[in-house]
Amino acid sequence: MEDFKDNMLPLLPIRGITIFPHMVLHFDVGRPKSILALEAAMVKNQTIFLVTQVDHKLENPTLEDIYRIGTVSKIKQILKLPGDTIRVLVEGLYRAEIDQVVSEDPYFECSVKVHSEIEVDKTAEVEALMRQAISAFEDYIKLNNTIPDEILLTVTDIDEPGKLGDVITSYLVLKQENRQELLEAVNPIDRLKKLLEIMAREIDILKIERKIGMKVKRKIDKMQKEYYLREQLKVIQEELGDKDGIQAEVDGYKKKIDKAKPPKDVKDKVLYELSRLEKLGTNSPESGVIRTYLDLVVDLPWNKETKDVEDLDKVKEVLEREHYGLEDVKERILEYLAVRKLSKTMKGPILCLVGPPGVGKTSIAKSIANAMNRKFVRMSLGGVRDEAEIRGHRKTYIGAIPGRIIYSMKQAATKNPVFLMDEIDKMSSDFKGDPADALLEVLDSEQNYNFRDHYLELPYDLSKVLFITTANTLETIPRPLMDRMEIINISGYTDEEKVHICSRHLMERQLKENGLDKENLSISEKAIKDIVNHYTRESGVRNLERRIGAICRKAAVEAAKNKNIKIKITQQNLQKYLGAPRYKYEEKSNKDQVGVVMGLAWTAYGGDTLAIEVMPMPGTGKLELTGQLGDVMKESARAGYSYVRALAAQFNIDPDFYKVTDIHVHVPEGAVPKDGPSAGVTLITAMVSALSKRPVRSDIAMTGEITLTGRILPIGGVKEKSLAAYRAGIRTVILPGENKNDIDKIPDNIKKKINFIFADRVEEVLDIALKGEIK
């Protein structure tokens, strides 16, 4: 290193570039301070010290903003440009380092320490480094098309390692910090090693860039090729008279519509849409809408239908095999098939199966389809609140689709499927319309032969479809819609029916689902009865199947450990698999009580017993009602109270009791809401018993709506209420006289064990239920 402290040089900060020894480069100078440094250098042998700024964005850098090492350079040429800008051509001479700054104004001036090139022996290591550098530079040139190939010849002729590194670096496109790092590498061998590292990284980056570029180019080339071929094809087709290349597509649609054999107006509509498609061409957005529409029309089953099974015995056999009970539904299907066999023009019935959850409404519809050899489609109406769900959207809207009726018919692929509309009572409406109104046409056998979907815009015949709807209640179904359907009420199963269904269907299904067989697991009939009575409380068998599934899963754990195990579930070990009983039915009291009467109630889970308690007490004539009673039940209590008050003397009750006695009526299980008029006769009986001090027979239960004059009106749920009385051990049941015909639906084994008494007046009930005579 040589010391040139006495040789002062102007210092020029440069931005965005780095000057290396042996490098010739021109750049523009516009800052006043830099121009003054150039002018001073021209006076001093045209020599200037060029140092790179750390941050090229700074307009007025200080000494802290420039690197310490730069290049002493010779000014070869200066050219003044318009706008006070000077273009200067320089040649890098040697590396140098700032030693001492003499002046910062009007320009930077400093003394420098020159880093002369260190001479190194050309050992095998140095030769290898130089060859590697040249080879890497050759690879770099191949990947970078901006460097001429002749440069490689120039570089190859250099035999000094330091100069070789500087010359190669001058042609590389590197980050500023990498260039400065190479400039500050004074030792030639260190410089070559750093250069090789940097070039290796740059070559990898260039390879990745080229790979990405090739992918993009191939994609663009493919698109250009496809466009070119498409244009050529278009010209060829125009020459042949095939406008826009859609003639084959139009011919395909024509063949499909001929095969579908639709009515004449449908065919005319399709031909009209096909003519529009030909005129619009493939590039029009409207052509996609037309294609979607045509696909729907040609795929609809206009004339295709399955042949019904005419053997009524075979249909009955399939229905009996797949479902136990539900006799009303099976009988109605057989009637339909019988009439259809005799009269080919009969329209499909529209049935509405109403009953509690889990009694088999949905599954019987599938069985009906299997028995009749028809396709089965299901549409859930639960939560549907938009009329367009039924009728579809008009084609003028973007993204318009057909309604679910037409879509389901396309899915069925026949015009006479069994069409299940599930949960019809769960529909609602909003500002978009009421779907129940849209169903009026669908479920009307006098109108549905000409059903029009907003999207299809063509009449479609639904008269051969066997529509089956399901509901849990009729209260939420609009009256006009209900009027169009044939209502079939499905009551809950009796305990015996549940045991039979479990043994015949549920056990087999759960054993199969859990990988077991009858050899691994068996459940006794008494255990099944206990599951029905103490682990479920429902009208159907859904929870019963869940309990059987729970037993099967626990048995599967044991079977996995021992494949030869045989598990038998009995009343004694049932709790081991299902835990403690969850439910307990209220049983009759063995003691006759005053003011306590056993009533009968209907719930969504079936029938149940309902004890009503009346307690008189000194007061001012208040009537207190507790037990979460609904408005209808409260009104029944008030009507009964008025009846007792009016005929108090007849029942040996103080006529002035309403002045000095408060009556508290309570229905136990206060957390459970209760409502309905059928407890009227029970309330009167309890009031008369409490006020007259006459006990009520403990072996009797009753139900019936009362009037203010003492008449007893008919009620519903006779079958379920009778079953509840039987479960509670009651063998005498009082029913309204007008319900006499309803006991036909009660199983024979229950009718034999219960004495049904029919009463038309309250007096008749009191004579039977109350003990003791009127004094």
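Author: Helix 17 gives the most to the lining of the second largest pocket, with six residues; helices here are DSSP runs (H or I, at least four residues), numbered from the N terminus. The model is a predicted one, in which local features need pLDDT of at least 70 and side-chain atom pairs count only at pLDDT 80 or more, while totals for chains, interfaces and linings use all residues. Residues are numbered from 1 along each chain as its sequence is written, and side-chain values use heavy atoms, with hydrogens and water left out.

The second largest pocket has a volume of about 720 Å³. A pocket is an open set of points, on a 1 Å grid over the protein atoms alone, where a 1.4 Å probe fits, with protein on both sides within 12 Å along at least five of seven lines; lining residues have an atom within 4 Å of a point. The volume is the space filled by probe spheres set on the points, which are joined across faces, edges and corners.

The lining of this pocket comprises 26 residues, and His 323, Gly 360, Ser 363, Arg 509 and Val 541 are the closest to its centre. Two or more lining residues come from each of helix 12 (361-372), helix 17 (495-513) and helix 19 (542-561).
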